[in-house]
Amino acid sequence: MKTRKSFKTLPYVAITLLTVGALAGCHRDDPDGGISVDDGGGTKSVLRVKYLNGGLRDEWITKVCNEFCELYKNHSFEEGKVGVTIVPEFIKSNAAASSIKNNPNDVFWAEDTDYSTCVSTGQLYDITDWLNEKVAVGPEQKEDQTILDKFTDSSKQYFAMKDSAGKDHYYAIPAYENSCFLNYNIDLFDQKCLYFAKGKTADGMSDSQLNSSAVDDLFVTSADEERSTGPDGVAGTFDDGLPATYADFHALITFMKRSSITPFIWKGNYPDDLSSFGLTAWGGSSGAETLEACLSLEGNLSDLVEWNNGSIVYDEDGVTPKHLDTTAVNSENGYLFHQSQGLLDSLKLAKLMLSNDGKDKNYYKNSMSQSFDHLTAQRYFLNGYSSGVVEQPIGILVDGCWWNSEANAYYQSDSDRLSRRMGIMPVPHPTRAQVGEPNVMVSDRQSMIFVRSTIAEKTIPVAKAFVQYLNSDVAMNTFSRYTDMMRLMKYEITDETLKGMSPYGRSVVAFSKSENTKHVNWVPMTDLAKKNASLLSYRTWGYSCSSTDINPYTYFAAHMSVTPEDYFNNVNQYYHSNWSYLLTK
Amino acid sequence: MNQTLSLRVTSNAKKKSKAMRTLFYVCMVAIPVVQFVIFYIVVNFNSILLAFKSYDNSTGVVIENWIGWGNFERIFQIFRSENILWIATKNSLLYLVFNLCVVIPLSMLFAYYIYRGYPAAGFFKVMLFLPAVICSMVLVIFFKEFVETAIPELAERWFHDDGWYAILSSESKGPVALMIFYVWFLFSGSILLYLNAMSNIPKSQIEAAQIDGAGEFRTFWRIVIPAIWPTLVSLIILAMADFVANQANLFSIYGIFAPSWSQTLGYYQFFLVARYGADSPVNYPIASAFGLLFTAIVAPITLLTRHLLLRFGPRED
C-alpha cells in the first residue's frame, strides 16, 4: 500500500520539478552568461566585445583591444577596480536583432543587422552623448574631433532617429566601407601588356572588329611603352592604360581571350556582388546624384530614356534612345528612376562581361555554379594558374573590396601578400564624352558598431571609452592597415599605415581618397525612403524585372538571347505596373 | 445503518479516486497544453491578424496599422502582373504529383521488397535510409558538388562537352536535377513508415495467400495495401497539406537566390521575407497574408481528400 502510494506520488514530484526547472530557466541573473573571466582576480573592469570574425579577420581588433587595455591599465572606471579586461567573442556569427538585449556581450561589431528593427525593439543603447564628445584616445588625451564629426552626411541622416521632440538620437556607428569592384591582377596585366597604348582607343570600331585580332594594335607591346590616359582622362595617374570606355573594355576582353587569359571570375553561389557592381556601374554612368536621388525617392534627373508602351523610344537612327528633358521624379512618378540611361548602360556592361559575342563565355566556367564559393574564386584568381588548378590565368575578380583580407590564407606569406600587385580597375565610361567624369563608389552592405541597451550601469564608462577609442584615427588606421579597407568614416590614412598595406589596399585607399571619386552610401536618405527601405534594398532596387528576377548577370547567363534593352524594358514594365503597390506612403 | 455508512465510504472513496485521477491527468497534460496554446494558437492567431496589418519601424518606433485586405490585394496584383506565382504554383503542383505518383508508390514497393526479405534487402535498407540519417546540409553539399563540379568535369573530359556547367542555374537541366534530389530525399522517411506498418501484418495472412496461389503483386495489392491503408492515407494527406509550405530543399541549395523558374509557393513565401534581410519584419504581413490565402484554399481540399480516401479506400475485410 505504502509502495503504491509512493509510486503515485512520483509523477507529481517529477512534474513539479520539471515545471520549476523550466520556469527557473526563463531568468538569468548573471550578465556574464556563466562564462568565467580573467579579470585580475576582480581588480579590473570587464568589457565584453562581440566581433563578427569573417573576412576581415581579427588581427586588427585584437591589436586595438590590447592597445586600449594598455592605455587604460592604470585608470579606474569603477570603484575598487583599476584597468580593463576585454572578453572577446570573435567568431563568425552575427547578433540577431531580436536577441541583442539578452546577449551577454556589451559592444558589438556586426553585419547585416537591421538598424531600424534594433532601435524599434529597444535593443540598442542610446550613444548620442558619446558621439558628441571629443574622441578620447586615453585617460587624458582627446582628439579635436567628435565621432559625429567623422560621420558622412548620409550616415548622419540614416543613423539619426528623431524622438517626439524632434531631437536626433544615435544608436550605432557605421563600420566599414564596402564596394564591389573589378579587381585586376596588375602583375598579369604588366606581364601580358594588357594596357592601351598612348593615343589608342577602340572607339569607332565595329562589333566584328572588336571581336577580332584588330584589337591587338591597341595595346602596348612592352611594359615601358607609354600608356593611354585611362578613364580619368589624365596622364600619370593610377588608371593609365586601363579601358576608358565600354568599347575599350570590349577590346580588352577580346585581347585577354586572345592572350589565353580568362577575363573574369566571381563566386557563383551568392550573386549579390554582381548586383552591387551593377549599381557602381549605374552610378559611374549617371553620376552619384542619380543614385542619391533614388535613395531619397526624389530628385531632378536629366538622363531619363523615353520609354513608352513597353519599350524604349529611339531616335530616327533606330539605335540611339530618345531622352526626356530634366524631369522631377518623386514618390508619385518614382517608376521613372528606372528609365535612367545609366541603368541601361550598366546592363550593357553586364552583358559584355558575360559574353561579347553571345556564344563564348568571358567568365570562368564555374562562376555561375551554385557550389562555387567566394573563397574558391579568390584562390583561383590568385593561385589557380600557378598551382595548375585552372587552365588559364584569370585577369579580373569581381568581388567586394574585402576580398583581399578574406583571401589572406592563399598568400604564401606576408611578404607575398605585400609584394603581389592587385588593384581596382575603375569602371569604364559608356562613351568617350564621359571620360573624366567621377568614379562612383557604392557602399551597400550594412555594418555597424553598437552597444546593447541592457548594458550594466557599471560597464557604461568602459564601453564608452572603448567605442570612442575604436573610432579614433589611430584605431581606424589599424583597421585599414590589417584589412586593406576603409572605415565608413572621415579620417586620414598615415604613411605608416600605407606602408603596412598591400598594393591592393593602397589601391583601395587611392581610389577612395581620390578627388575624382564620389561616395554613395546605399542607405535611405529621407523619411519616405526609410519607410521604403525594403524597396530600396541594394539587392533588388536596380534590376528587378519581377519580384524574383533581380539579378541581370544570372538572368543573362541563363538567357543568352536576351539583350540589355530587353532587360531594361522588363525592369521598367515591372516598376511601371507595380509602383503604386511597391511604394509605401 | 452499517450498510449506508459502507456505501457512503465507498462512494467517497470513488469520488476521491476519480478526483486524483483527474488531477494526475491535468498535471500531465498541463505543460504540453500551455505550450500548445502559447506557441501554436496564440502565435498563429497573431499571424492571422498580421495578414491584415502593415508594419513600419523606420522611425525607430514600431507602427502597425490595420489595412484590411491591402496585403491580399498586393498578392493578387503579383498574380496579375507577374508570372512568378503561376510558376511557383505549377512547381508546387509538380512536386505534389511526383510525391503522390512516384515517391509514394516506389517507397511502398521498396518497403515491400525489404519487408519480404528479398536479395539485397539489407543493402537497400541502408542506402535508402541514409538521407534520413545523414544531416540534410551534408547531403545538399554533396549533391551540389556532384552536380555542379563532378558531372561538368566528367562531361568535358570524356565527351568534350562543356555545356554542363551551372546545371542548377540552367532552366533546361536544373529542374531534372532538383527533382532527382527531391525524390531521393523523400524516399527515406516514407520507407521507414511503410516498413513499420507492414511489420504489423500477420505473417500468416501472407502465407495463407501464397498457399492459395496468390502471386507477389496480388499479395501486395490485396493484402498489404489494405493493411497499411491508414498509413498511406496519412502520408497522402501530409503531402497535400505540405503543398503550399513545401520548399523542395530550394533554400538549402540556393539560399535566397533560387532562380524564378525553380521556385515553389513555400519558397516564394520565405523569399518575400528573406530577400530584405532576415532581421527585418517589414514584410512579415504580406508573407502572413500569403500563407493565410493558400491555407484557405488547400485546407478544405486536404480534409475532403482525407474523408474520401478513408470512406472509399480498400479495407482489410
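Look at helix 22 of chain A. Which of its residues are buried? Tyr567(A), Phe568(A), Val571(A), Asn572(A), Tyr574(A), Tyr575(A) and Asn578(A) are. Keep in mind that this is a predicted model.

What covers those buried residues? From chain A, the cover includes strand 12 (307-308), strand 13 (311-312), helix 12 (341-354) and helix 21 (552-558). Helix 2 of chain B is also part of the cover.

Where does helix 22 of chain A bend? At His576(A), by about 40°.

Just after helix 3 of chain B comes Gly117(B), with a positive phi of about 70°.

On to the interface between the chains. On the chain B side, 44 residues are in contact with 40 residues of chain A. Which elements of chain B give two or more residues to this side? Helix 1 (2-50), helix 2 (70-81), helix 5 (136-159) and helix 10 (250-254). By class, the chain B side divides into 19 nonpolar, 15 polar and 10 charged residues.

Next, domains. Chain A is assigned domain 1 (45-177 + 445-501) and domain 2 (179-184 + 260-415 + 434-443 + 506-585). The C-alpha centres of these two chain A domains lie 31 Å apart. Their contact takes 18 residues from domain 1 of chain A and 18 from domain 2 of chain A. On the domain 1 side, helix 6 (residues 153-159) of chain A gives the largest share, 4 residues. That domain 1 side has 8 nonpolar, 7 polar and 3 charged residues.

Chain B is divided as well: domain 1 (2-45) and domain 2 (83-312). Between the C-alpha centres of those two chain B domains, the separation is 42 Å.

Now the largest nonpolar core. How many residues does it hold? It holds 220. Ala172(A), Ile265(A), Ile449(A) and Phe466(A) touch the most other members. The largest share of this core, 11 residues, comes from helix 6 (residues 174-198) of chain B. Take Phe466(A) on its own. Beyond neighbours within four places in sequence, Phe466(A) is in contact with Leu47(A), Phe68(A) and Val107(A).

Val435(A) is in the loop between strand 16 (422-425) and strand 17 (439-443) of chain A. Why does Val435(A) count as partly exposed? Because Val435(A) has 19 C-beta neighbours inside 10 Å, and a residue is buried only with 20 or more. Not counting residues up to four places away in sequence, Val435(A) touches Pro231(A), Gly233(A), Ala244(A), Thr245(A) and His429(A). Asp373(A) is 62 residues from Val435(A) in sequence, and the two are 35 Å apart in space, C-alpha to C-alpha.

That's my tour. Over to you.

Conventions:
Residues numbered from 1 in each chain as written. Chains lettered and ligands numbered in written order. Predicted model: local features only at pLDDT ≥ 70, side-chain atom pairs only at ≥ 80, totals over all residues. Domains from an automatic or database assignment. Core = buried A, V, L, I, M, F, W, Y, C linked by C-beta atoms within 7 Å. Buried ≥ 20, exposed ≤ 12 C-beta atoms within 10 Å, placed from the backbone. Contact = placed C-beta atoms within 7 Å. Nonpolar A, V, L, I, M, F, W, Y, C, P; charged D, E, K, R; others polar. Bend = angle between axes of the 7 residues up to and from the residue.
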